[in-house]
Amino acid sequence: MAQRVQGTEDLYDGYMRAWQHMQDVARDLFESYGFNMIETPAIEQVGTFVHGIGESTDVVRKEMFRVFSGALMERLLEAGSESGLKTKQRLAMRPEGTAGVVRAAVEHNFVPQGGAPKKLWYAEAMFRGERPQKGRLRQFHQVGVECLGAPDPAMDAECIIMLMEFYKRLGFKPEQLHLCINSMGDAKCRPAYRESVRQYIYDHKDQMCEDCLERAEINPLRSFDCKNEHCREVMKGAPLVTDNLCDDCAVHYAQVKKYLDEAGISYEEDPTLVRGLDYYTRTVFEVDVPQAGVGAIGGGGRYDGLVELEGGKPTPGIGFAVGFERIALALQAVGVSMEGEEPGCVYVASTSADERDAAFRTTLLLRQAGIRTEADYQGRSLKSQFKQADKHNARLCVVLGPDEVAANAATLRDMNTHEQAQVPMDQLVERVRERL
Ligand code: HAM
């Protein structure tokens with residue numbers, strides 16, 4: 001039997017309705033904040049991800065799915081190396097949305113120097129070659145936002161406020177959500193801080209794992225996220241970024257917190273929150289639902305250097321993304337369903353084969369009026385058509401027999417009360433609409 005790839009899921013029926021519901025909630029909320037939808041390609045040049053996300057991150061080093069055509073793959077296998085590949089032949093599936101949106105912003109000059117901020121949102125599949133487990137997939141879905149051109153801490157606060165409102169609208173209670181924030185400094189203060197963490201790791205090298213020693217070389221801040229319990233314990237003594245912010249970053253961070261306090265958003269400051277992507281500067285944040293135990297259900301932050309890394313003019317940016325599958329699991333854990341019911345419909349039934357043509361015409365008439373309509377395609381008996389109607393969650397049945405056809409009318413049957421009445425064909429659409 002054909003099987004889906006491990007770590008991927010099929011979205012259908014209730015699960016699909018849940019994904020659509022999440023997008024509807026996102027559209028309503030984000031568009032009220034002035035965000036417009038964007039879709040970028042699922043494949044980009046590898047460089048787009050490497051520049052922004054960072055060469056040393058797990059996402060780029062280990063998890064990015066590379067893409068080769070069959071013909072190119074054959075050539076590569078023959079050559080035994082990809083060193084002869086041109087930049088435009090080095091492709092990857094997007095592991096996240098920010099780098100692609102920023103690439104598009106640079107390519108289409110979304111934010112001309114001094115222009116108004118550009119606010120974009122997306123709902124897309126992402127691909128990461130991670131080891132599949134509960135809440136960790138190889139193809140998963142994110143809803144995310146990116147705002148380019150706004151350095152003001154009010155934008156950081158607005159993004160976080162909007163994110164928390166999004167969770168509320170999906171059915172979480174504020175007390176079920178745990179929001180962590182931090183400031184990671186900027187190009188002015190982070191290099192010195194990074195150096196002091198590197199030195200700290202070297203000073204404790206006997207107690208750290210091999211991976212952390214490698215990280216110390218390329219990106220020492222990653223050690224705060226080490227899966228090894230012992231390393232994490234040692235890192236508790238490492239210098240904290242919040243003690244090493246320059247004045248500008250400290251003022252920016254204080255202002256973000258002030259706005260969050262004013263908006264009544266509760267948060268915990270976590271000076272070890274470094275996130276898994278290198279492009280962040282200043283504010284970073286992450287949300288989880290402790291009682292669900294599925295990991296972060298969303299995260300984001302500011303990335304004031306990313307547009308330049310993608311080849312554009314210096315432009316500040318901030319955004320976040322949430323994971324659909326983890327949110328679905330977390331909502332389940334707190335007893336909320338996003339699935340909703342299959343929408344109700346009208347079922348067109350006919351008493352015998354003689355009325356099939358009339359049923360065909362009536363079905364078209366109702367559908368052209370935008371009414372969700374089902375009909376029989378298997379020549380069932382009337383009783384079995386009523387059973388089918390129930391399975392389709394039909395609220396009304398339009399019944400056509402010889403008398404109805406002769407009178408150019410239809411019998412309208414309420415599937416709950418079983419009341420029925422004859423309706424002239426030219427009033428059918430109106431009467432169905434009234435009762436749906
Ligand atoms: P991220 O923290 O890597 O950030 O991912 C955001 C969310 O996507 C996570 O909190 C989680 O809910 C979900 N997620 C990530 N990986 C997986 C996976 N393998 N399986 C299931 N769900 C997953 C970003 O992607 C940034 N681009 C967010 C951002 C936007 N920052 C600024 N703008």
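Predicted model: local features only at pLDDT ≥ 70, side-chain atom pairs only at ≥ 80, totals over all residues.
The axes of H13, which covers residues 356–368, and H16, which covers residues 428–435, cross at roughly 60° and come within 10 Å. The crossing of this pair, H13 and H16, is right-handed. On the H13 side the contact is made by Thr362, Leu365 and Leu366, while H16 contributes Leu428, Val429 and Val432. Sorted by class, the residues of the contact between H13 and H16 comprise five nonpolar and one polar, with no charged residue.

Two further helix pairs can be described in the same terms, since two packed helices are characterised by the angle between their axes and the distance between the axes.

| Helix pair | Axes come within | Crossing angle |
|---|---|---|
| H13 and H16 | 10 Å | roughly 60° |
| H6 and H10 | 8 Å | roughly 40° |
| H1 and H12 | 11 Å | roughly 105° |

Helix H6 spans residues 153–170 and helix H10 spans residues 247–262; the crossing angle of roughly 40° therefore makes H6 and H10 oblique to each other. H6 passes H10 in a right-handed crossing. The residues of H6 that take part are Pro153, Ala154, Asp156, Ala157, Ile160 and Ile161, and those they meet in H10 are His252, Gln255, Val256, Tyr259 and Leu260. Within the contact of H6 with H10, eight residues are nonpolar, two are polar and one is charged.

For helix H1, residues 13–32, and helix H12, residues 324–333, the axes cross at roughly 105°, which means that H1 is roughly perpendicular to H12. In this contact Tyr15, Ala18, Trp19 and Met22 of H1 meet Phe324, Glu325, Ile327 and Ala328 of H12. The contact of H1 with H12 holds seven nonpolar residues and one charged residue, and no polar ones.

Turning to the ligand, which residues are the closest of the 26 that surround it? They are Glu96, Thr98, Glu130, Glu146 and Tyr280. Glu130 places an N or O atom of its side chain 2.6 Å from a nitrogen atom of the ligand.

Conventions:
Residues numbered from 1 in each chain as written. Heavy atoms only, no water. Axes fitted to C-alpha atoms, helices over the stretch in contact; angles between N-to-C directions. Helix = DSSP H or I, 4+ residues; strand = E, 2+ residues; numbered from the N terminus. Left-handed = near helix turned anticlockwise from the far one by under 90°. Contact = heavy atoms within 4.5 Å. Nonpolar A, V, L, I, M, F, W, Y, C, P; charged D, E, K, R; others polar. Near = heavy atom within 4 Å. Polar contact = N/O pair within 3.5 Å; in protein donor to acceptor, adjacent residues only side chain to side chain. Parallel < 35°, antiparallel > 145°, perpendicular 65-115°, else oblique.
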